[in-house]
Amino acid sequence: TVKADICETAIHAHRYEDDNKNNNNNGRFVNYNSLPDIVWDVLLPKHFSVEVEELEKMKRVSKLYSKSKDRDTVEWKGDTDKKKQALAADTKVRDAVDKFLLRESYQKMEMLSAKGGSS
């Protein structure tokens with residue numbers, strides 16, 4: 001599938017950079033479930049060297065709903081639970097995709113994510 005091919009291409013590219021000791025390899029695998037904490041705690045301060053003051057500004061702004069006309073005052077509310085409920089009906093399809101197409105790629109990316117992105 002296209003998704004499996006994209007995953008494998010990303011893994012291959014990341015490993016190629018590591019194998020060639022490319023110091024410009026800024027890639028990092030991040031599990032969606034670790035968001036947004038990994039952004040504030042790891043990626044911005046350590047990976048991108050964002051200063052504490054800027055980080056605090058970003059945290060404040062991230063809590064506002066960007067699509068609102070009053071985006072400076074309307075707080076953002078997540079809709080993850082609603083989306084999960086909608087997907088619950090598709091468990092057979094998701095299970096088949098996981099089992100036959102993406103499991104191996106997903107496990108490789110999880111391993112790389114746990115290592116901080118390096119092979």
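**Salt bridges and a bent helix**

Glu 104 and Lys 108 form a salt bridge whose closest N and O atoms are 3.4 Å apart, a salt bridge being a side-chain nitrogen of Lys or Arg within 4 Å of a carboxyl oxygen of Asp or Glu. Being 4 residues apart in helix 5, the two are separated by about one helical turn; Glu 104 counts as exposed at 53% relative accessibility, whereas Lys 108 is partly exposed at 21% (buried means under 20% relative accessible area, exposed over 50%, partly exposed in between, with a 1.4 Å probe and protein chains only). Salt bridges that share partners join Glu 8, Glu 104 and Lys 108 into one network.

This is a predicted model, in which local features need pLDDT of at least 70 and side-chain atom pairs count only at pLDDT 80 or more, while totals for chains, interfaces and linings use all residues. Residues are numbered from 1 along each chain as its sequence is written, and side-chain values use heavy atoms, with hydrogens and water left out.

Helix 5 covers residues 91–114, helices being DSSP runs (H or I, at least four residues) numbered from the N terminus. A kink of about 75 degrees is centred on Leu 102, the bend being the angle between axes fitted to the seven residues ending there and the seven starting there. Leu 102 is also one of the buried residues of helix 5, together with Ser 105, Met 109, Leu 112 and Ser 113.

In helix 3 (residues 52–62), Glu 54 and Lys 57 lie 3 residues apart, and their side chains meet in a salt bridge at 3.3 Å, N to O.

Terms used. The expected span of a helix is 1.5 Å times one less than its number of residues.
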